[in-house]
Amino acid sequence: MTNIAQVSEKFDVTKETLRYWERLRLLPEIPRNESGYRDYGEHELNWIFFIQTMRKAGVSIEALVEFVELYLPNNQYTYQLNYKYPVN
């Protein structure tokens, strides 16, 4: 599992951006470890990679929010993205 600082560095996005995406429900609820810190797994990393790729392609935050709401009714993030973060 990966903490928010590691994810921030890996994806070159700020921790604040990651928290913002979570508040907007662009990301699934991030599991927490026993100390209460975010603990990102492969599923969450794939979502971050997808969102970041769409943002780089010029998709607005508003359009992504709408997409997630339409694509994942009731925020059912159990659907596995066929969009995988390339592990290096």
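**Rings and buried faces in a predicted model**

Modeller: Tryptophan 47 and phenylalanine 50 both lie in helix α3, 3 residues apart, which is about one turn of the helix; helices here are DSSP runs (H or I, at least four residues), numbered from the N terminus. This is a predicted model, in which local features need pLDDT of at least 70 and side-chain atom pairs count only at pLDDT 80 or more, while totals for chains, interfaces and linings use all residues. Residues are numbered from 1 along each chain as its sequence is written, and side-chain values use heavy atoms, with hydrogens and water left out.

Colleague: Why is the pair of tryptophan 47 and phenylalanine 50 called edge-to-face?

Modeller: Rings of Phe, Tyr and Trp (its six-membered ring) pair if their centres lie within 6.5 Å, and planes under 30 degrees apart count as stacked, over 60 as edge-to-face and the rest as tilted. The centres of these two rings are 5.9 Å apart and their planes stand at 85°, so the pair is edge-to-face.

Colleague: How do you know whether tryptophan 47 and phenylalanine 50 are buried or exposed?

Modeller: Buried means under 20% relative accessible area, exposed over 50%, and partly exposed in between (1.4 Å probe, protein chains only). Tryptophan 47 has a relative accessible area of 0% and is therefore buried, and phenylalanine 50, with 11%, is buried as well.

Colleague: What makes the pair of phenylalanine 50 and phenylalanine 67 tilted?

Modeller: The ring centres of phenylalanine 50 and phenylalanine 67 are 5.7 Å apart and the planes are at 40°, so the pair falls into the tilted class. Phenylalanine 50 lies in helix α3 and phenylalanine 67 in helix α4, so this pair ties together parts that are 17 residues apart in sequence. Phenylalanine 67 has a relative accessible area of 31% and is therefore partly exposed. Ring pairs link Trp47, Phe50 and Phe67 into a cluster.

Colleague: Which residues of α4 are buried, and why are they placed on the same side of α4?

Modeller: In α4, residues 61-71, the buried ones are Ile61, Leu64, Val65 and Val68. They cover an arc of only 100° around the axis (taken from the directions from the helix axis to the C-beta atoms), which puts them on the same side of α4. Glu62 and Leu70, on the other side of α4, are exposed.

Colleague: What covers the buried residues of α4?

Modeller: The cover includes α2 (15-23) and α3 (42-56), where contact means heavy atoms within 4.5 Å.

Note on methods
Helix = DSSP H or I, 4+ residues; strand = E, 2+ residues; numbered from the N terminus.
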